[in-house]
Amino acid sequence: MPKKGSQSVSELLCTEIKETPSQTGGPYVHIGLLPQQANIEVFEHSFDNQLVKQHTQGQRIRIEGQVFDGLGLPLRDVLLEIWQADANGVYPSQADTQGKTADAHFQGRKGSTQAPHIAVALFARGINIAKTKEQALAQAKIIASNPDADLAEFRIDLLNFASDTKQVIALGHELKQILGAKPMIATIRTHNEGGQLTISDADYDKIYQAYLRQPFMDMLDVEMFRDQQVVKNTVKLAHEKKVLIVMSNHDFKKTPDEAEIVQRLLKQDQLGADILKIAVMPQSKQDVFTLMNATLKVSQQSKKPLLTMSMGKLGTISRIATANMGGSFSFGMIAVSGLAMAESYVVDRYQDDHEKGSLRWAIEQANSKPSEASEILIQAVGQAPYAIKVNSPLPEIKAPVQGLKLARVRLKGSSEPMFVPQLYRVLCYVTSTGNNLIQNNRIMHNYGGAGVMLTGDDGKGNPTATTTNNNKVLNNYFQDNGDGLELTRGAAFNLVANNHFISTAANPEPSQGIEILWGNDNAVIGNKFENYSDGLQINWGKRNYIAYNELTNNSNGFNLTGDGNIFDSNKVHGNRVGVAIRSEKDANARITLTKNQIWNNGKDIKRCEAGGSCNMRTLSVHVVMV
């Protein structure tokens with residue numbers, strides 16, 4: 001296990017973490033999970049973490065620890081169960097035949113005659129799936145707030161009140177209200193196809209007809225091998241109610257041959273499905289290829305969207321590869337652990353004190369639970385500009401915190417920083433300050449905005465002198481931001497090194513990996529840029545040193561103007577244009593390219609219009625090739 005004490009994620013990733021040994025839970029595992037349902041009234045409530053009371057016999061001991069996943073990240077959605085005898089080794093159970101009196105002030109668990117001991121059972125993640133209304137609503141909020149989730153599936157069969165149609169319909173409408181514009185699939189997965197509910201065709205028909213008379217879903221999952229008249233009735237009413245049909249089939253034992261998979265999917269099309277779905281279990285890598293080949297064939301014969309997946313570890317690749325084989329959707333799960341299940345602390349008071357709602361209070365609350373993830377959300381209060389003026393340095397954030405949407409700003413004439421709530425999509429905003437270090441972060445999904453902005457902006461869009469300087473941006477991973485990093489309007493003498501800037505298909509507006517706008521004398525060294533409109537763009541910046549970077553699969557690797565900028569020993573390949581040189585007002589402006597490797601681009605070096613469109617018009621800029 002990792003050493004005790006505070007550790008960064010990077011340290012944990014480099015620490016060997018041994019996997020907890022697995023063991024079959026046995027037929028009575030439900031006793032621990034739901035003691036009252038097994039007629040065990042040990043606790044006043046179903047769960048408790050206090051075994052001892054004031055008068056409990058024996059020496060007090062305390063066991064502390066953390067549970068990590070395979071990446072070394074702390075988890076919150078695991079269940080730890082303790083089975084313990086009292087100080088004399090006695091369980092409060094008739095099964096204990098020692099003839100000793102159990103300690104009435106100790107809350108133990110049933111068991112057999114054993115020596116004093118503590119048994120700690122670690123249960124798998126996901127055991128606390130949404131069975132109650134409260135759990136379902138909580139998970140809906142997580143999905144609604146996650147930009148990577150395109151839709152949600154409401155697994156009705158998992159609910160502990162799945163047979164109560166009125167309750168399900170009411171919950172469905174609440175879930176839809178939380179999800180907003182995100183579509184929701186409603187699913188009853190029956191036992192025959194891997195679900196939790198055993199139900200007759202008549203009841204299946206009755207329940208789905210009731211749902212559709214008060215539709216709360218955008219899509220309804222219908223199992224294709226239910227009674228065919230029931231399937232037809234459901235499809236007909238769903239289409240009348242403008243609800244799409246996801247017709248499904250699941251084979252948990254095997255992968256049928258290619259012809260059979262094709263036949264089932266095309267049969268779904270004939271039955272009126274709007275989306276065709278099949279999930280199969282592979283026994284070999286060849287089975288995965290069989291499914292992918294079948295997906296490709298069906299995509300060539302049907303215009304309906306396809307959702308095909310190969311289950312289990314062997315089939316993991318199918319959830320990604322399906323997009324290249326004609327598939328339209330893939331299923332995933334948002335982990336309800338760690339950061340996803342973070343406790344939220346809302347900052348809605350800008351006074352710097354310890355009262356609830358202040359930023360200092362929120363940090364203190366997060367630090368009080370160092371093993372748990374927290375989320376600090378700062379709300380806009382009053383009129384702009386929004387700023388929290390701190391009276392003394394804030395405590396260091398020791399707990400894993402997500403969503404800390406604030407800007408740390410040191411104002412001229414102020415000895416202490418201000419924190420500005422981020423109402424724009426900029427994760428980290430630094431202005432009029434120096435000597436900050438932004439290191440070892442994952443900066444992601446700031447769509448249409450910037451991951452990090454270093455700027456000397458005077459607040460009105462005008463540049464200032466070199467007021468934002470000597471900052472370091474090191475070893476960060478930037479993914480799917482509008483601009484990964486901006487150095488603008490007076491940002492000078494900053495070092496940007498060993499970062500990875502990448503955009504994926506999920507990014508709606510990939511602009512620049514780095515944009516330097518009127519930024520001077522910065523060093524950008526050893527970074528990688530992938531899949532942006534411009535890997536690195538310089539607009540009228542001067543004397544910037546750009547070296548040992550790699551730019552690939554961008555529309556423009558470098559998109560340049562300015563004077564005195566030096567590009568040394570970079571690798572530029574696989575871009576539409578390797579180096580785009582734009583016009584400069586100063587006829588004496590120079591750009592120096594030295595020792596660069598520029599190859600396999602649509603055009604390695606091209607002169608472009610001031611606005612960015614590239615043609616062969618001769619423009620006023622001097623390019624020095626060394």
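A residue is called buried when its relative accessible area is under 20%, exposed when it is over 50%, and partly exposed in between (1.4 Å probe, protein chains only). The model on display is predicted: local features need pLDDT of at least 70 and side-chain atom pairs count only at pLDDT 80 or more, while totals for chains, interfaces and linings use all residues. Residues are numbered from 1 along each chain as its sequence is written, and side-chain values use heavy atoms, with hydrogens and water left out.

**First stop: helix α7**

Please select residues 258-270, which make up helix α7. Helices (H or I, at least four residues) and strands (E, at least two) are DSSP runs, numbered from the N terminus. Within α7, display the side chains of Glu260 and Arg264, which lie 4 residues apart, about one turn of the helix. An α-helix has 3.6 residues a turn, so residues three or four places apart point the same way. Arg264 forms a salt bridge with Glu260, with 2.8 Å between the closest N and O atoms; the term denotes a side-chain nitrogen of Lys or Arg within 4 Å of a carboxyl oxygen of Asp or Glu. Arg264 is buried because its relative accessibility is 11%, whereas Glu260, at 29%, is partly exposed.

**Second stop: the α7 and α8 pair**

Two packed helices are described by the angle between their axes and the distance between the axes. Axes are lines fitted to C-alpha atoms, for helices over the stretch in contact, and angles run from 0 to 180 degrees between N-to-C directions. The two helices are therefore oblique to each other, given that angles under 35 degrees count as roughly parallel, over 145 as roughly antiparallel, 65 to 115 as roughly perpendicular and the rest as oblique.

Select Glu174 and Lys133, whose side chains meet in a salt bridge (3.0 Å, N to O). Glu174 lies in helix α4 and Lys133 in helix α3 (residues 133-145), 41 residues apart, and the pair links distant parts of the chain. Glu174 is partly exposed at 29% relative accessibility, and Lys133 is partly exposed at 33%. Across the whole structure, a search finds 14 salt bridges.

Then move to Asp164, in the loop between β3 (152-155) and α4 (165-179). Is Asp164 buried or partly exposed? With a relative accessible area of 30%, Asp164 is partly exposed. The C-alpha atoms of Asp164 and Ile207 are 9.4 Å apart, although 43 residues separate the two along the chain.

Select residues 359-367, helix α10. Of its 9 residues, 7 are buried, so α10 is largely enclosed by the rest of the structure. Among the buried residues are Leu359, Arg360, Trp361 and Ile363.

**Last stop: strand β34**

Finish at Ile566, which is located in strand β34 (residues 565-568). Its relative accessibility is 34%, so Ile566 is partly exposed.
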